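Please keep the sequence and the structure in view while reading.

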Amino acid sequence: MTIRVLLADDQALLRATFRILIDSCDDLEVVAEAADGAEAVDLTRVHHPDVVLMDIRMPGTDGLAATSAICADPDLQNTRVLILTTFQSDEHVARALRVGAGGFLGKNVTADELLGGIRTVASGDALLSPAATRSLIARFLATPDRSDGPTPRVLENLTPREREMVVLVADGKSDDEIAEEACLSPLTVRTHVQRAKTKMEARSRAQLVAIAYQVGLARPLP
């Protein structure tokens, strides 16, 4: 199945470069391009892409506001947002993950990393490099944001096993790694994680991680 991608970046040359790269793959295609966040939201509602490759810093409506609008739209629940940023520890990236972005990449990634990232996010997995995740958690995700963020009440309906799975996901482990550690099958792990996402109203695996730290279920190592 072909993964349909929407490009959102204010630099036309960069969009053209990404289009050539993505369209060169048999399993990927660019369906639309946007030069700012407002256009990205409008075109996403028209084309319903599988992945929006979103630059976080654009004039007018920026990538953060656009990501929030896309992730809050129930008609776009199958669209994933992959954030592109110059700074992987940018506070705006943490905020984007909180509202439901599927992951982020630095703009200095290789072509293979970019293509792999699109495929990863399209599959529903989180794209968070271990080093960047540790920095993000230490600086932002572990800092309570009670003004508009989730509260510990989102944990009330989780089973003990689901809590365990969320903590392991927040630790950066893959389903296969969790399965080995918990002596479960990968399919069972995915089922527990999916149920936890539903109960915690997490749009993506990345948002599940963000919520886990925000409400204190997971804690950063010293």
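Helices, as named here, are DSSP runs of at least four residues, numbered from the N terminus. The model is predicted.

**Strand S1 and its partners**

- S1 pairs in the parallel sense with strand S2 (residues 28–34) over 6 bridges.
- Between S1 and S2 the chain passes through helix H1 (residues 12–23), forming a right-handed β-α-β crossover.
- S1 also runs parallel to strand S3 (residues 51–55), to which 4 bridges join it.
- Leu7 stands opposite Glu33 in S2 and opposite Leu53 in S3.
- As a general rule, side chains in a regular strand alternate between the two faces of the sheet.

**Asp55 in strand S3**

- Asp55 belongs to strand S3.
- A polar atom of the Asp55 side chain lies 3.4 Å from the backbone nitrogen of Arg57.
- Beyond residues up to four places away in sequence, Asp55 touches Ala8, Asp9, Asp10, Gly63, Leu84 and Lys107.

**Lys197 in helix H9**

- Lys197 is located in helix H9, which spans residues 186–199.
- Apart from neighbours within four places in sequence, Lys197 is in contact with Gly124, Ala202, Arg203, Ser204, Arg205 and Leu208.

Technical notes
Residues numbered from 1 in each chain as written. Predicted model: local features only at pLDDT ≥ 70, side-chain atom pairs only at ≥ 80, totals over all residues. Heavy atoms only, no water. Helix = DSSP H or I, 4+ residues; strand = E, 2+ residues; numbered from the N terminus. Contact = heavy atoms within 4.5 Å. Pairing = 2+ DSSP bridges. Right-handed = clockwise from strand over helix to strand, strands pointing away. Polar contact = N/O pair within 3.5 Å; in protein donor to acceptor, adjacent residues only side chain to side chain.
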